[in-house]
Amino acid sequence: MAVTRTIELKTEIPGPRSREIGERIARAVAKPLALTFPIVAESGRGATLTDVDGNTFIDFTGGVGSLNVGHSHPDVVAAAHEQLDRFSHTDFTIVPYELYVALAERLAERVPIGGPVKAAFFNAGTEAVENAVKFARAYTGRPAVIAFEGAFHGRTLLSLSLTSKVHPYKAGLGPFAPEVYRVPFPNAYRGISAADALAALERTFTTTVAAETVAAIVLEPVQGEGGFIVAPREFVAGVRKVCDKHGIVFVADEVQTGFGRTGRFFAIEHSGVEPDLICVAKSIANGLPLSGVLGKAEIMDAPVAGGVGGTYVGNPVAQAAALAVLDVIDDEGLVERSNTIGEIIRARMLAWQERWPAIGDVRGLGSMLAIELVADPATAKPAKALANRVTEAALQRGLLLITCGVYGNCIRVLVPLVIADAELEEALGAWEEALEAVLA
Ligand code: PLP
């Protein structure tokens, strides 16, 4: 077992100060903003988070995938400070600033899309998705959008309509936006092949919606909230073909998968397929609210002037941070690092799977990895309570882990890619102890 060097637990978890603030949260904050952890953050650095009681944890949640370059990376902090001292807001569409175009140019160089590429920036991932649909609708003059079972695209009306997890996201919150159609996503573990899913997509044009009325197909190259399910190459290629055949805009939602998480800068690169539009958010600005749509210029130029916008269409402080993030990713070789730590984590997960039948599946790309917990490997019956017990046992050992999956029974890795080897070893040791405590 690794000698503990980073994790330091000084009080019971949660400690007294976290509990006290937790009581104030219960009184002052709306209940649906349900807390995953009972600890309260004080400071973060790299892959570690320290709470208000002085306990230090290794953070495998990374702000739900927003911290690929780590908590408070000094270069990102410096860039954001410097910009904050200059100005913090104008509304780009009222008085533009150079940072915006610099970021658009740098991202255009990165996207796996041939030909002229343009960008538009927003704040949250949900806005990127909603605006991607606007671009696609304006370009095609069509209303319908196709999304997949298990998808997660956000929580505002259109993106929530595209999202496919009923509890807790959708139940009781309708009616949803019209002209959204749902088809299966391949899931090897649950017996849905790429061919099955492509056949269902083709069938839907006969049974459900006319292909010539579909503006966009929105796809996560690796489903995030849906359980870290990787879209097979042949599936992504098949969706591209369908889009080409029917003049449909292919939107890759890379909000969770982008910025090196999967061992490529964008996850869609694993398939060799060019999408038409890419949605980005989360790790783009290391946790400062920034999102964007990047894509083919002719599609991005389709809405009328003023048809896309808002007071906050690319905050300059967040964009200064985003430019620093791009430098850090390159300077520190974090895309490659994602593969290296991914191999270490996957090997460990596969060893756990050998040992414990409750680990039904191990999957993902690069460092975007998850284990799926089941009551019985023969039936693959989801074991959500077991997954929650493991994350709770990990918390008590100083490791922050979160679940995902439509059944809530997967435990995922969204660790900052800057994690040191020794920290990674220590974190995996804590995870293994948690599994031993729950599954033995
Ligand atoms: N798209 C994907 C793939 C996501 O994972 C998320 C959030 O988890 C979103 C969209 C929505 O992003 P946001 O929560 O920033 O609105």
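**Close-up views of a sheet and a helix pair**

**View 1. An open sheet of four strands in the predicted model.** The strand order is E13-E14-E17-E16, and the pairing is antiparallel. Strand E13 (359-365) and strand E16 (402-404) stand at the edges; each has a single partner strand, so one side of each is left without a neighbour in the sheet. From one strand to the next, the twist averages 30°.

**View 2. The pairing of E13 with E14.** Strand E14 covers residues 368-373 and runs antiparallel to E13, to which six bridges join it.

**View 3. The packing of helices H4 and H11.** Helix H4 spans residues 98-110 and helix H11 spans residues 316-331. Their axes lie 9 Å apart and the packing angle is about 35°. The crossing of the two helices, H4 and H11, is left-handed.

**View 4. Residues in the contact of H4 with H11.** On the H4 side, the contact is made by Leu99, Tyr100, Ala102, Leu103, Arg106, Leu107 and Arg110. These meet Pro316, Gln319, Ala320, Ala322, Leu323, Leu326, Asp327 and Asp330 in H11. By residue class, the contact of H4 with H11 divides into 10 nonpolar, one polar and four charged residues.

Definitions and conventions: Residues numbered from 1 in each chain as written. Predicted model: local features only at pLDDT ≥ 70, side-chain atom pairs only at ≥ 80, totals over all residues. Heavy atoms only, no water. Axes fitted to C-alpha atoms, helices over the stretch in contact; angles between N-to-C directions. Left-handed = near helix turned anticlockwise from the far one by under 90°. Contact = heavy atoms within 4.5 Å. Nonpolar A, V, L, I, M, F, W, Y, C, P; charged D, E, K, R; others polar. Pairing = 2+ DSSP bridges.
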